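Colleague: Please take me through this model feature by feature, giving the general idea of each reading before the particular case.

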Amino acid sequence: MFSENGYQIVENFATKEDIVNLRLAVSKLHHSGRSGGVRNIEKKSQVINAFANSEKVLKLVASHIGGEPRLARAIYFNKTENQNWMVAWHQDKTTAVSKRIACAGWLNWSIKDGVNHAQPPAEVFSKMLTVRLHLDATNQSNGCLRVIPKSHLLGVLPQEDVVCRSSTQQSHYCVGNSGDLLIMHPLLIHASSKASTPNTRRIIHMEYSSYELPESAEWA
Ligand SMILES: O=C(O)CCC(=O)C(=O)O
């Protein structure tokens, strides 16, 4: 369960029609040759934007974090034979907002694909949820996400602690079918290996928050 483990698979969340439409939408995104991801996809595709802001997704998110969740950012990830990548163990400590916030606790500002990104204060993470829609079945052979259950309860960790936990604690492979959602806490320690049998592995990764931002900033 999400509340206990920090992640959960929600089976058959998207309809077959959603999947057909979203697969077509991601096929139209411009993928730079070097990276495995495309950022800000909610701004690049009306179909993705409509799904990410649909009542059924926002209702699910609100049932876990309360309030009125807003989409903070959305990224498309694919792994293929030509773009077969891995990501080391980490927590997602960075989020996207509409403008720089001068309040204490907002750290490490940067601009990614034209959008302000920063590490928010720790309290913000309790009002954040990551939702990953599987457009293909994911498993160990095509490089599904791996997580360390309950690790979100440790809060924001220095990277050396993340590495240490990953070598001492049991991990779980988030196997799922096309149409399933993986919901997870952004601080859940996770990693992603290269596919051993590369095949397309398309994911729409969306991050939401119901935290009220200061200084009239908005979730980007
Ligand atoms: O999609 C993946 O396999 C990895 C993505 C990831 O690690 C992340 O979004 O932080």
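Modeller: Let us begin with a polar contact, which is a pair of N or O atoms within 3.5 Å; within protein, one must be able to donate a hydrogen and the other to accept it, and residues adjacent in sequence count only if both atoms are side-chain atoms. Here the side chains of Ser 192 and Lys 79 are joined by such a contact of 2.5 Å. The model is predicted, so to speak of it with care, local features need pLDDT of at least 70 and side-chain atom pairs count only at pLDDT 80 or more, while totals for chains, interfaces and linings use all residues. Residues are numbered from 1 along each chain as its sequence is written, and side-chain values use heavy atoms, with hydrogens and water left out.

Colleague: In which strand does Ser 192 lie, and is Ser 192 buried or exposed?

Modeller: Helices (H or I, at least four residues) and strands (E, at least two) are DSSP runs, numbered from the N terminus, and Ser 192 lies in strand E12, residues 190-192. Buried means under 20% relative accessible area, exposed over 50%, and partly exposed in between, with a 1.4 Å probe and protein chains only. Ser 192, with a relative accessible area of 5%, is therefore buried.

Colleague: How should I read the surroundings of the ligand, and which residues surround the ligand?

Modeller: A residue is taken as near a molecule if one of its heavy atoms lies within 4 Å of it. The ligand is surrounded by Phe 77, Trp 85, Val 87, His 90, Asp 92, Arg 132, Leu 145, His 190, Ser 192, Arg 201 and His 205. A polar side-chain atom of Ser 192 lies 2.5 Å from an oxygen atom of the ligand, an N or O atom in the side chain of Arg 201 is 2.7 Å from a ligand oxygen atom, and for the side chain of Asp 92 the corresponding distance is 2.8 Å. Of the 290 Å² of accessible area that the ligand has on its own, the protein covers 94%, where areas come from the Shrake-Rupley method with a 1.4 Å probe and, for residues, only the protein chains shown count as cover.

Colleague: How many aromatic pairs are there?

Modeller: A pair of aromatic rings is described by the distance of the centres and the angle of the planes. Rings of Phe, Tyr and Trp (its six-membered ring) pair if their centres lie within 6.5 Å; planes under 30 degrees apart count as stacked, over 60 as edge-to-face and the rest as tilted. By this rule the count comes to 2 aromatic pairs. In one of them, the rings of Phe 77 and Trp 85 have centres 5.6 Å apart and planes at 45°, so this pair is tilted, and both residues are buried. Trp 106 and Trp 109 form a stacked pair, at 6.2 Å centre to centre with 25° between the planes, and both of these are likewise buried.

Colleague: Over which ring does the charged end of Lys 79 sit?

Modeller: A charge sits over a ring if NZ of Lys or CZ of Arg is within 6 Å of the ring centre and within 35 degrees of the ring normal. The charged end of Lys 79 sits over the ring of Trp 85, 4.7 Å from its centre, and that of Lys 56 sits over the ring of Phe 13, at 5.0 Å from the centre.

Colleague: In what order do the strands of the open sheet run?

Modeller: Two strands pair if DSSP finds at least two bridges between them. An open sheet is formed by 6 strands in the order E1-E11-E8-E13-E3-E2, with antiparallel pairing. E1 and E2 stand at the edges with a single partner strand each, so one side of each is left without a neighbour in the sheet.

Colleague: How many residues of strand E3 are buried?

Modeller: In E3 (residues 70-77), 7 of the 8 residues are buried, so this strand is largely enclosed by the rest of the structure. E3 is joined to strand E13 (residues 203-209) by 7 bridges, running antiparallel, and Ala 74 has Met 206 in E13 as its bridge partner. Strand E2 (residues 37-38) is joined to E3 by 2 bridges, also antiparallel, with Phe 77 as the partner of Gly 37.
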